[in-house]
Amino acid sequence: NAGVTQTPKFRILKIGQSMTLQCTQDMNHNYMYWYRQDPGMGLKLIYYSVGAGITDKGEVPNGYNVSRSTTEDFPLRLELAAPSQTSVYFCASSYVTSGGYTQYFGPGTRLTVL
Amino acid sequence: AQSVTQLDSHVSVSEGTPVLLRCNYSSSYSPSLFWYVQHPNKGLQLLLKYTSAATLVKGINGFEAEFKKSETSFHLTKPSAHMSDAAEYFCVVSSDSNYQLIWGAGTKLIIKP
């Protein structure tokens with residue numbers, strides 16, 4: 001199993017450009033998440049999904065969009081990039097059991113908006 | 001609403017001495033609690049988790065944490081620090097809905113030779 005994979009690893013955008021951050025998991029997890037991590041801070045939830053076709057906003061959704069057409073993929077779309085979106089973005093997936101749940105993280109995408 | 005507070009932004013210890021990273025949480029129910037570690041320019045790795053079983057939880061790399069409901073704490077400890085432990089550590093509490101996680105701001109662990 002590759003686990004959770006993210007592409008690209010690094011990206012520099014100009015203000016107003018758009019891009020899609022890709023996230024794929026091969027663990028057949030129903031739940032998937034997008035977080036951003038700003039310097040010196042913990043993670044903030046952007047969007048999450050509880051299954052294919054179902055998405056919902058997290059704590060900081062403005063400026064982002066997501067879709068979940070398959071169990072495996074959960075892309076994050078940035079429209080009209082702004083310097084405030086400079087951050088490291090992490091995708092995660094999880095399964096739920098009677099003992100609770102654990103989130104597994106991808107390696108992250110470091111995005112700079114200039 | 002749930003929240004988590006990591007009481008120290010930085011902790012510095014000498015190699016071979018004990019490590020204590022402090023975490024307090026707030027939750028209206030019995031939460032699941034986690035510690036994650038992030039090495040420089042790396043992703044996030046689960047160290048350990050508490051899910052209402054034993055209150056003393058053992059994790060990877062010699063770390064353990066004790067859940068104390070009366071103190072609403074979940075402090076992370078290790079008897080003897082190693083240079084490879086230098087990293088950022090995050091205390092995390094589960095949300096009461098939709099399996100979201102609430103993250104602390106992180107504690108940077110510095111190991112002195």
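**Ground rules.** Because the model is predicted, local features need pLDDT of at least 70 and side-chain atom pairs pLDDT 80 or more, while totals for chains, interfaces and linings use all residues.

**Ser94(A).** I looked up Ser94(A) and found it in strand E9 (residues 87-97) of chain A; strands are DSSP runs of at least two residues, numbered from the N terminus. Buried or exposed? Ser94(A) is buried, because its relative accessibility is 0%. Buried means under 20% relative accessible area, with a 1.4 Å probe and protein chains only. Its side chain makes a polar contact with the side chain of Tyr33(A) at 3.0 Å. Such a contact is a pair of N or O atoms within 3.5 Å; within protein, one must be able to donate a hydrogen and the other to accept it, and residues adjacent in sequence count only if both atoms are side-chain atoms.

**Cores.** I checked the largest nonpolar core, which has 26 residues. A nonpolar core joins buried Ala, Val, Leu, Ile, Met, Phe, Trp, Tyr and Cys residues through side-chain atoms within 4.5 Å. Trp35(B), Leu48(B), Leu76(B) and Tyr89(B) touch the most other members. Strand E10 (residues 87-94) of chain B gives the largest share, 4 residues. Another core, of 19 residues, lies apart and includes Val4(A) and Phe74(A).

**Sheet.** I traced an open, antiparallel sheet of 4 strands in chain A, ordered E1-E3-E8-E7. Strands pair if DSSP finds at least two bridges between them. E3 (residues 19-25) and E8 (residues 76-78) of chain A pair over 3 bridges.

Terms used
Residues numbered from 1 in each chain as written. Chains lettered and ligands numbered in written order. Heavy atoms only, no water. Buried < 20%, exposed > 50% of the residue type's maximum accessible area, 1.4 Å probe, protein only.
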